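This report describes one structure from values computed on its atoms.

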Amino acid sequence: MNHNIVILGSQWGDEGKGKVVDFLTDKADAVVRFQGGHNAGHTLVIKGEVTKLRLIPSGILHEGVQSFIGNGVVVSLDALSIEMNELLERGVPVFERLSLSEACPVVLPIHVAIDEVREEALGDQKIGTTKRGIGPAYEDKIARRAIRIGDLAHPEKLKAKLKVLLDLHNFTLKNYYRSHLQFDLEETYLKLLNHAKTILPMVCDVSAKLNDIRKNKGKIIFEGAQGTLLDIDHGTYPFVTSSNTISGTVASGAGFGPCYIDAVVGITKVYTTRVGSGAYPTELFDEIGEHLGKKGCEFGTVTGRKRRTGWLDLVALRRAIEINSITSICLTKLDVLDGLKELKVCVAYELDGKEVHYPPYDNADYMRCKPVYKTFIGWSQETFNQTEYEKLPKAAHDYISFIEEFLDVPVDIISTGPERNQNVIVKSIF
Ligand code: GDP
Ligand code: IMO
Ligand code: MG
């Protein structure tokens, strides 16, 4: 049985990662976020009660399970404290269960302002970010000037670093973007110090803790945020997020070496969605697209934006399988396809008269790709709430078998509703 697994999105995010991480957590000792920030929105539904998580790992509701935010995550202390308070009010003992790395870069209000004015300046070329300051915060990390969680323990150093950072960004806001937004050093500093009292006791050496759990034969879930096609290197650049979203990021974003990972689960929606701009060959603009959006409740958890919808894309998935070394697929939202007469699956792209079998790295080329579809007969029976593979309709079996054969990866879990226990477990993986 696998001990340390990565669960990540194989498409453009919102595949249902939170739900799957939550239900697999009953077998885990620890759940870890290793990249992204509060641009993520992970939804859990337990006996009708909805929990939306942005920064906190989706294992937090489970007693006896440690939740970790690894160094690869950019942390907004305002967002974290709101999320912690929401959970504390509901009686979840967050302080007992959650720790974070001192190396996490901090997302500041000035990062949010830069994200906003930059999107505005891009006009119709905008990326469609979540405007949470994620990109600007990662830029500061790479430029080696980020405020990190550990800096909160050293007020003088913190203030000096903050001054450099605010001077630079205030200058850019005023003189480049002609924005009236300016951020005061003293005010920003005092707000950070105020958070320090709550946050510092939660700081630990995440890498060392995870490796202790590993040495004691514990079980760890690494929870991805966003999705493979939003990866800064392998996604539809520049219409991507600012972190690496792929499985390899566990090593850099949590300090847990690649050879310690036993399995990688690719959470894969049976159709596709995308929020924000960028190439999307199988996008639907007709009533089927509308139907998928409505039935699948495809509205962003973070921003409430309507998600774009389309058919399943096996070409994009081929890339996701290979760059993540996905060993199991978990198909989600099978129930959303119930009642459709016909289903389409993209098996190749046509680009300038030639068939291509991998997504191009250039977004402009990707935009010109036309999907080549294979058509399947749909099913009229309900799969909603089904937990037994044999009871799924034959047409659903055919659809699932085709995906497995095409990608040469088994579908080990099928999710048939938003609730924690609405799943068909084909093979126990954890
Ligand atoms: P994440 O970001 O990957 O965790 O996904 P989101 O939570 O943003 O979006 C997934 C949405 O689909 C949430 O509203 C889930 O409650 C819901 N969901 C997850 N699995 C299923 C499923 O199998 N069927 C249906 N109908 N909804 C699901
Ligand atoms: P989860 O974890 C879907 C998208 C944004 C935008 C692009 C860049 O819930 O699957 P950013 O704010 O990261 O700079 O925005 O990435 N995006 C997501 N789309 N699900 C997410 O997270 C996303 N996080 C970011 O819509 O297109
Ligand atoms: Mg989401």
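A residue is called buried under 20% relative accessible area, exposed over 50% and partly exposed in between, with a 1.4 Å probe and protein chains only. The model is a predicted one, in which local features need pLDDT of at least 70 and side-chain atom pairs count only at pLDDT 80 or more, while totals for chains, interfaces and linings use all residues. Residues are numbered from 1 along each chain as its sequence is written, chains are lettered from A and ligands numbered from 1 in the order in which they are written, and side-chain values use heavy atoms, with hydrogens and water left out.

**Metal site**

Which residues coordinate the magnesium ion (ligand 3)? Asp 14 (OD) and Gly 41 (O) do, at 2.0 to 2.2 Å. Their sites belong to distant parts of the chain, 27 residues apart: Asp 14 is in the loop between strand 1 (4–9) and helix 1 (17–24), and Gly 41 is in the loop between strand 2 (30–33) and strand 3 (42–46). Donors here are N, O and S atoms within 2.8 Å of the metal (3.2 Å for Na, K and Ca); water is not among the atoms, so sites may look incomplete. Helices (H or I, at least four residues) and strands (E, at least two) are DSSP runs, numbered from the N terminus. Asp 14 counts as partly exposed because its relative accessibility is 21%. Gly 41, at a relative accessible area of 11%, is buried.

**Ligands 1 and 2**

Ligand 1 is surrounded by 19 residues, the closest being Gly 16, Lys 17, Thr 43, Asp 335 and Ser 415. Around ligand 2 there are 20 residues, of which Lys 17, His 42, Thr 130, Gln 226 and Thr 241 come nearest.

| Ligand atom | Protein atom | Distance |
|---|---|---|
| ligand 1, oxygen | Glu 15, polar backbone atom | 3.1 Å |
| ligand 1, oxygen | Lys 17, polar backbone atom | 2.8 Å |
| ligand 1, oxygen | Gly 18, polar backbone atom | 2.9 Å |
| ligand 2, oxygen | Gly 41, polar backbone atom | 2.9 Å |
| ligand 2, oxygen | Thr 241, side-chain N or O atom | 2.6 Å |
| ligand 2, oxygen | Val 275, backbone N or O atom | 2.9 Å |

On its own, ligand 1 has 590 Å² of accessible area, and the protein covers 92% of this. For ligand 2, which exposes 550 Å² when taken alone, the protein buries 97%. These areas come from the Shrake-Rupley method with a 1.4 Å probe; for residues, only the protein chains shown count as cover.

Leaving out residues up to four places away in sequence, Ser 415 is in contact (heavy atoms within 4.5 Å) with residues including Lys 19, Leu 331, Asp 335 and Asn 423.

**Cysteines**

How many disulfides does the structure hold? It holds zero, a disulfide being a pair of cysteine sulfur atoms within 2.5 Å. For Cys 297, the closest cysteine sulfur is that of Cys 330, and at 18 Å this is too far for a bond. Cys 297 is exposed, at a relative accessible area of 55%. Cys 259 is also exposed, with 76% relative accessibility.

**Helix 11**

Helix 11 (residues 314–324) is largely enclosed by the rest of the structure because nine of its 11 residues are buried. Among the buried ones are Leu 314, Arg 318, Arg 319 and Asn 324. At the start of helix 11, the backbone nitrogen of Val 315 has a side-chain oxygen of Asp 313 within 3.0 Å.

**Backbone features**

The peptide bond from Tyr 237 to Pro 238 is cis, with omega near 10°. Pro 238 sits in the loop between strand 10 (220–223) and helix 9 (249–254). Lys 217, not a glycine, has a positive phi of about 65°; it is in the loop between helix 8 (206–215) and strand 10 and is exposed at 64% relative accessibility. Asp 352 has a phi near 50°, lies in the loop between strand 16 and strand 17 (354–356), and is exposed at 58% relative accessibility.

Terms used: Near = heavy atom within 4 Å. Polar contact = N/O pair within 3.5 Å; in protein donor to acceptor, adjacent residues only side chain to side chain.
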